[in-house]
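Please open the structure in your viewer and keep the sequence beside it. The tour moves from the whole chain to one helix, and then to one residue within that helix.

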Amino acid sequence: MILDYIKDFQIKYCSTHSITVFGSSSKELVNTSLLDYIDSDDLYDVQEEFREVIKDQAVSNRIDFTFVSPSGLKSELQAMVSYTDDGLIFIAQVNSEEILQSIEDMEILTF
């Protein structure tokens, strides 16, 4: 995902594989602000991390947050953000702890 840090972190590009991570198609997400999809409990921390990356023109530490899709589906994600002159490069994946918990929950149900 590429974010325009001048225009309130508007999504300029999103991979066609976004449905796997974000639960939404790239068509739904492009030209909207990523901040609109960050859970309110995590919004301040994510914004602060973005500001630090822009200020230092650097790469972020891992950011853990809850993404809320346009349909209301919540996903626990981890992301890294990297500064470029063209925008912020935002690489996200489903939180591995959430995946492990889902596997454990499925194992409990099969017994």
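**The whole chain**

Before selecting anything, note that this is a predicted model, in which local features need pLDDT of at least 70 and side-chain atom pairs count only at pLDDT 80 or more, while totals for chains, interfaces and linings use all residues. Residues are numbered from 1 along each chain as its sequence is written, and side-chain values use heavy atoms, with hydrogens and water left out.

Color the protein chain by pLDDT, the predictor's confidence in each residue on a scale from 0 to 100; the chain averages 86, and 86% of the residues score at least 70. Confidence is highest in strand E2 (residues 10-13), at 96, and lowest in helix H4 (residues 96-110), where the mean is 54.

Along the sequence they follow the pattern β-β-α-α-α-β-β-β-α. Of the 111 residues in the chain, 36% are buried, a term that means under 20% relative accessible area, whereas exposed means over 50% and partly exposed lies in between (1.4 Å probe, protein chains only).

**Helix H3**

Select residues 40-56, which form helix H3. Its 17 residues should span 24 Å at 1.5 Å a residue, and the end C-alpha atoms are 25 Å apart, which agrees; the expected span is 1.5 Å times one less than the number of residues.

Next, show the side chains of Asp42, Val46, Phe50 and Val53, the buried residues of H3. They lie on the same side of H3 because they cover an arc of only 75° around the axis, the arc being that of the directions from the helix axis to the C-beta atoms. An α-helix has 3.6 residues a turn, so residues three or four places apart point the same way.

These buried residues pack against strands E1 (2-4), E3 (63-68), E4 (74-84) and E5 (87-94). Turn to the other side of H3 to find Tyr44, Asp45 and Lys55, which are exposed.

**Val46**

Finally, select Val46, which lies in helix H3 and is buried, with a relative accessible area of 2%. Which residues does Val46 touch, not counting those up to four places away in sequence? They are Ile38, Ile63 and Phe65, where contact means heavy atoms within 4.5 Å.

Technical notes. Helices (H or I, at least four residues) and strands (E, at least two) are DSSP runs, numbered from the N terminus.
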